[in-house]
Amino acid sequence: MGNEYRIALAGNPNTGKSTLFNALTGLRQHTGNWAGKTVSMAQGSVPFKDKVFQLVDLPGTYSLFSNSKDEEVARNFIVFEKPDVTLVVLDATSLERNLNLALQVLEMTKNVVICINLIDEAEKQGIKINEKLLMNRLGVPVIKISARNKIGFPLLLDTIDRIITGAIECHPAQMKYSDEIEEQIRKIEPKVREMVGDRISSRWVSLRLLDGDEALLNELNKRFVPEGVR
Amino acid sequence: MGIQELYSEAQQLSTAKMRDDIVQQLYDRSHQLCQEGVSYTKSDRDLRTEKLDAIFTSPILGFPIMIAMLGLVFYITIAGANIPSAMLAEFFGSLEKYITSFFTLIHAPAWVNGVLVLGLYRGTTWVISVMLPPMAIFFPTFALLENYGYLPRVAFNMDRLFKRVGAHGKQSLTMAMGFGCNAAAVISTRIIESPRERMLAILTNNFVPCNGRWGTLIVLSSLFMAASYTGGVKSLVTTGVLIGIVMFGVIVTFFVSWVLSKTALKGVPTHYTLELPPYRKPKIFDTVIRSSVTKSWSVLVRAVKVAAPAAILTWVFANIYIGDTSILMYAVQFLDPFGKLLGLDGYIMMAFILGLPANEIVFPILLMGYLSTGSLTEVDSLVALKKILVDHGWTWLTALNMMLFSLLHYPCGTTLLNVYKETKSKKWTFLSFLIPTVIAIFVPFVITQTVRMLGLI
């Protein structure tokens, strides 16, 4: 169908990611089995205006390196399945730890929306978040929500819609590393681009290779290298 | 260029420090963004947690505080358990007289009294009087620390050391679990997500003495290591010896992890996030009741369930004669030369072998073995206990070796079963048996030979 779009939900464990998923999709859910096989992810649809958003609830993880099956599955989905928009759900009461996941997602894919969840709880604790500033710094929409109390949903859905139509363009700010690391990235990135082209971010792949991410290496081998060459 | 070559090239450009820097800089950026974009209007509670963390996880104070806390828990356990242990032993001892005279009264055959009183009754009451009081104190004290939020800080402190040997910082949490029960701790390694580091945690968990070995360790160190002291100092010395033993276990853990991560389980430690929850005042009543009653009770039930049949079996073996030697003595004599090499004896080796189902029963079996050879002393006090051991040629070296063997030897049957369930691999299960066993033979052997060579004994 031409009006269906895939939206991935990423986030730390216990950030209310699944609460958001359930609140948005209601009973329109089923369990999908994606590549990675061992971990199944819940899927559900959200009709909005003339479109249908297919939401995919990725496993909750603290990071998107390949430390565990969960992290690999979430990472592979964002990078290789290429959802139209990736929602990163953050816990407003511990934003610092959560933001680190958002920064990683911004390195991997372009269309990202940052949802700061539990905003009512944060306000109760006296935490004030300047989302305009964060939006500026990160280059993608930042939206405060409360999944539990269904606050901020219209704006969230509208933003997703406008990203899909192209009314909003995301320019995810790339994390700037120290000179030493940037230099190594420069050395390796051209060669990476030769191999993966524009299909995935060559900068991100370079970083992962420098970090010694063997799981990603295997995945790239499976997906990008033709049978005979391996 | 193939992707494999690209990977090798990237690996040459990269260093371990750079891998850390990548993650570090991601966190620095998050921190910076929060500095700019987040403001706090009332943050007393958060500040308190931060201030406490600055002390508990400080590079200088972190370790001394950790060891002091561990020492405190041990000291409370040992000093507090002495009196109730003695009272229970005395109570069971006096009860035994009545049971025996009851059997005499109804003219029961001698073997009935033998199996039921000398075998079953003595074995199980030993387990209860020696194990129950320390457990009832240790579990709640430890649980209080846990509920206060201190344990994740321990993991944080230990992380640097674990990383250096190629293991995972969360391994210290599974080790803490091991103080209670290694079998449960093997299951708890599920919190370690990466399979390689999880395997390391499973294979080395046994080097933390579980509560089934606590009884043995406490009794032996207070009888032989702190023998010349009395009162509070005695408990203090016993605590010191126990801390030493635990530290030695930790060192062996690091060593084995390091060797494995250089050989069979090659690889670099993964990055991970450890949540440090805010410090909370524990619900003291709840914690104490739940952990002392339910946990101690379930461990005790298990101990008695295994101890009872083993006690009967030991008594039967000790009293069935082939020619003029009992089955038990055949086994003991067979094992004796090997035991002597390790500074132990045949009885001790046999107790450890029969004790495979549960570490709790090793000491009772040993005692029954000694007692079955004639000297039917009633073990109603620790003094009597020491006399039995000394009569069988024990010295401080025997006690030390037995403590080390107990600390290092193969995991109990339940733990091995759990290792198999968790790894689904016969090879790794066998290794989790083999590695500790080899070390448990090697260490006492070296110590014994050295001590004998130096003529210290």
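Met453(B) is exposed, with 8 other C-beta atoms within 10 Å. Met453(B) sits in helix 19 of chain B, residues 426-454. From Met453(B) to Gly166(B) is 287 residues in sequence and 37 Å in space, C-alpha to C-alpha.

Some housekeeping. This is a predicted model, in which local features need pLDDT of at least 70 and side-chain atom pairs count only at pLDDT 80 or more, while totals for chains, interfaces and linings use all residues. Residues are numbered from 1 along each chain as its sequence is written, and chains are lettered from A and ligands numbered from 1 in the order in which they are written.

On confidence, the predictor gives the complex an ipTM of 0.89 and a pTM of 0.72. Chain B has a mean pLDDT of 84, with 95% of its residues at 70 or more; pLDDT is the predictor's confidence in each residue, from 0 to 100. Which elements of chain B have the lowest and the highest mean pLDDT? Helix 12, residues 284-319, is lowest at 75, and helix 17, residues 396-408, is highest at 94. Where pLDDT is low, the predicted coordinates should not be read in detail.

Now chain A. Chain A has nine helices and eight strands; these are DSSP runs numbered from the N terminus, with helices being H or I of at least four residues and strands E of at least two. The radius of gyration of chain A is 18 Å, close to the 17 Å that the globule rule gives for 230 residues, so chain A is as compact as a globular protein of that length. That radius is taken over C-alpha atoms, and the rule is 2.2 Å times the number of residues to the power 0.38. Along the principal axes, the C-alpha atoms of chain A fill a box of roughly 50 × 40 × 35 Å. Of the 230 residues in chain A, 46% are buried.

Strand 5 of chain A, residues 85-91, deserves a slide. Seven of its seven residues are buried, so strand 5 of chain A is largely enclosed by the rest of the structure. In a regular strand the side chains alternate between the two faces of the sheet. Here Val85(A), Leu87(A), Val89(A) and Asp91(A) are buried on one side, and Thr86(A), Val88(A) and Leu90(A) on the other.

What does strand 5 of chain A pair with? Strand 1 of chain A, residues 4-11, pairs with strand 5 in the parallel sense over five bridges, where pairing takes at least two DSSP bridges between the strands. In that pair Ala10(A) stands opposite Val88(A). Strand 6 of chain A, residues 112-117, also pairs with strand 5 in the parallel sense, over six bridges, and Leu90(A) has Ile116(A) as its bridge partner.

In the loop between helix 2 (69-81) and strand 5 of chain A is Lys82(A). Lys82(A) is not a glycine, yet has a positive phi of about 50°. With 15 C-beta neighbours inside 10 Å, Lys82(A) is partly exposed.

Lys424(B) lies in the loop between helix 18 and helix 19 of chain B. Its phi is near 55°, positive in a residue other than glycine. With 9 C-beta neighbours inside 10 Å, Lys424(B) is exposed. Buried or exposed, what about helix 18 itself, residues 413-423? The buried residues of helix 18 of chain B are Thr414(B), Thr415(B), Leu416(B), Asn418(B), Val419(B) and Thr423(B). Their cover includes helix 8 (182-188), helix 9 (195-204) and helix 19 of chain B.

Last, the interface. How many residues does each chain give to the contact? Chain A gives 39 residues and chain B gives 36, a contact being two C-beta atoms, placed from the backbone, within 7 Å. On the chain A side, the elements giving two or more residues are helix 3 (95-108), strand 7 (127-129), helix 5 (131-138), helix 7 (179-196), helix 8 (202-210) and helix 9 (214-224). That side of chain A divides into 21 nonpolar, eleven polar and seven charged residues. Nonpolar covers Ala, Val, Leu, Ile, Met, Phe, Trp, Tyr, Cys and Pro, charged covers Asp, Glu, Lys and Arg, and the others, Gly among them, count as polar. Strand 7 of chain A pairs with strand 1 of chain B, residues 38-40, in the antiparallel sense over three bridges. There the bridge partner of Ile127(A) is Tyr40(B).

Note on methods: A residue is buried if 20 or more other C-beta atoms lie within 10 Å of its own, exposed if 12 or fewer, and partly exposed in between; C-beta atoms are placed from the backbone.
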